[in-house]
Amino acid sequence: MTALGRTYLLAILAFLYLPIAVMIAMAFNNSELYTLPIEPSTRWFIRLASDQPLLSASRNSLLIACATSIIATLVGAMAALALERKQFRGRTLLRLLLLPPIAIPWLIIGTAMLVFFFWTGIGRGLHALLIGHVALAIPYVVFIVGPGLQTIRVDLEEAAMSLGSTPMHAFFTVTLPLWLPSVIAAALFAFAVSLDQFVISYFLSAPGVSTLPVEIYSSIRKGFTPEINAISTIFLAVSSVLILIFAQLSNLGSRRGSR
Amino acid sequence: MLLAPAYGWLTLAVFLPLGAMLFFSFLKAAPFGPRPLQFTIDNYLAFARRPYLVGVAWTSVEIGLWTTGLCAILGLPAALALARATRGRSQQVLFLLIVLPFWTNGLVRIFSWTMVLREGGVLDYALHLVAPSAPTFSLLYSFPAIIIGLVHAYLPYMILTCYLSAAAIDDAYIEAARSLGARAPIIFAKVVLPLCLPGLISGSILIFVPVIGSFMEPRILGGRIGVTMGTIIEDQFVQAFNWPLGAALSFTMLGAVLLVFALARGFPRRLLSA
């Protein structure tokens, strides 16, 4: 029974990783028509270095992902602090309001943002992308840092204050250091949400100024170049490292909480 | 106030836009330029005026049902195997390996499938290694291709939600059923399946809702046959510039999504009381 279960899991993993393996293999394949068998080559990585649209789109993606991560974590952590630590009317309603950005299909949110931003003159472009990405990331941040905050006892802060610390000082020296692993985990998650976001970026990007997923989509529709496999392989390596850090940090958080 | 930035941001980027889109969906033409506003409900009558949309909507629902069903059939056993057949370190590693593909760009994964499924692609090539005389075949630009791509994209959701349910099942229940003489299929149907139901339901919602709104997967893997509500809405905004119609179609879809949520909320309670 156990052996059967393990074999089945391996089959599922093979299915999940097949296209990823193909992508990496094709990035190192000399043929531009993806013909098999593979002739090893690094020419797509070399070509990539001089592909301006792809490089600038990658730069935009990284820039927006960094900015999104910082803003969403800051704003989301503040909200989580209020939602977890303060008692007030309408708290349940405010929590419910975090669900639409996660639950409504991106297509609907993306087109709604396009309509509204165009209409009010906010327009399209990197700033519009940033507004959209941060809005998408905030609910995730609140849901990740909220439980982390619950495991930190409020009386620690109270003890600090009874010893003469100001509320601000108590928060920054007592609560924040304990909270930090889940805050960093949330920041990484927000970074990844932004880096992978395609639908909203697609509707909000201005001609000529796009992010990597948008650039990939338009080149798939125009006629694909294997450089995309090369840059995706690089991004895959980056995000794998990020999720490993994320997993390590969320483990850390739970171990500390159970103590 | 600590809450103001977060909710201000969400208002600006999500709630006001949804409101603006609702307003747009009742307009005859987008309110750009000096023309006076003209209100109409024509956009919502699109399904009656353009009968082909009913077929397109049905295709979207079909894609959603196939994807969700296959994810459930493949994902539940995987979740059970993960929860029951592995433990400790290897369980953690397998869990991480299942979540990891999430973090690669969805678009690239879908594109990789075109390299697998097309004529002369990986699958075709592998078949010819085994059977050199077989005719070449291509699954690309077909309904199964869209389903394969979507199942691949959403399967980890189902495994995760079912795993959370499966991991919570107390071994004692299964032991009790076994000691009372129940055989494996009965234990599965009467004990394991009901206890995994919450995971199956939340997984199904997490999959069905985005799948009916998908547009890049049907476009890339379905080619000309990949016309869904998602691609129609995309066209209204990107090519046809009929924003009011696109807005109305988006809102119709939102209605469908809310209906799914409402059904899912009522569903488990009715099952429990029955």
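This is a predicted model: local features need pLDDT of at least 70, side-chain atom pairs count only at pLDDT 80 or more; totals for chains, interfaces and linings use all residues.
1. Now look along the helix. At B:T11, helix 1 of chain B bends by about 45°. Its buried residues are B:A6, B:W9, B:L10, B:A13, B:V14, B:P17, B:L18, B:A20, B:M21 and B:F24.

2. Next, turn to chain A. A:A135 sits in helix 7 of chain A, residues 126-150. This alanine is buried, because 25 other C-beta atoms lie within 10 Å, and 20 or more are enough to count as buried. Setting aside neighbours within four places in sequence, its contacts are A:P101, B:W9, B:L10, B:A13 and B:V14. A:I71 is 64 residues away from A:A135 in sequence, yet their C-alpha atoms are 9.8 Å apart in space.

3. Finally, find a helix pair in chain B. The axes of helix 3 (residues 52-84) and helix 9 (residues 184-212) of chain B come within 9 Å and cross at roughly 140°. This crossing of helix 3 and helix 9 of chain B is right-handed. Residues making the contact include B:G64, B:T68 and B:C71 of helix 3, and B:C196, B:L200 and B:G203 of helix 9. By type, the contact residues of these two helices are 13 nonpolar, seven polar and no charged.

Definitions and conventions: Residues are numbered from 1 along each chain as its sequence is written. Chains are lettered from A and ligands numbered from 1 in the order in which they are written. The bend at a residue is the angle between axes fitted to the seven residues ending there and the seven starting there. Helices (H or I, at least four residues) and strands (E, at least two) are DSSP runs, numbered from the N terminus. A residue is buried if 20 or more other C-beta atoms lie within 10 Å of its own, exposed if 12 or fewer, and partly exposed in between; C-beta atoms are placed from the backbone. Two residues are in contact if their C-beta atoms, placed from the backbone, lie within 7 Å. Axes are lines fitted to C-alpha atoms, for helices over the stretch in contact, and angles run from 0 to 180 degrees between N-to-C directions. A crossing is left-handed if the near helix is turned anticlockwise from the far one by less than a right angle, and right-handed if clockwise. Ala, Val, Leu, Ile, Met, Phe, Trp, Tyr, Cys and Pro count as nonpolar, Asp, Glu, Lys and Arg as charged, and the others, Gly among them, as polar.
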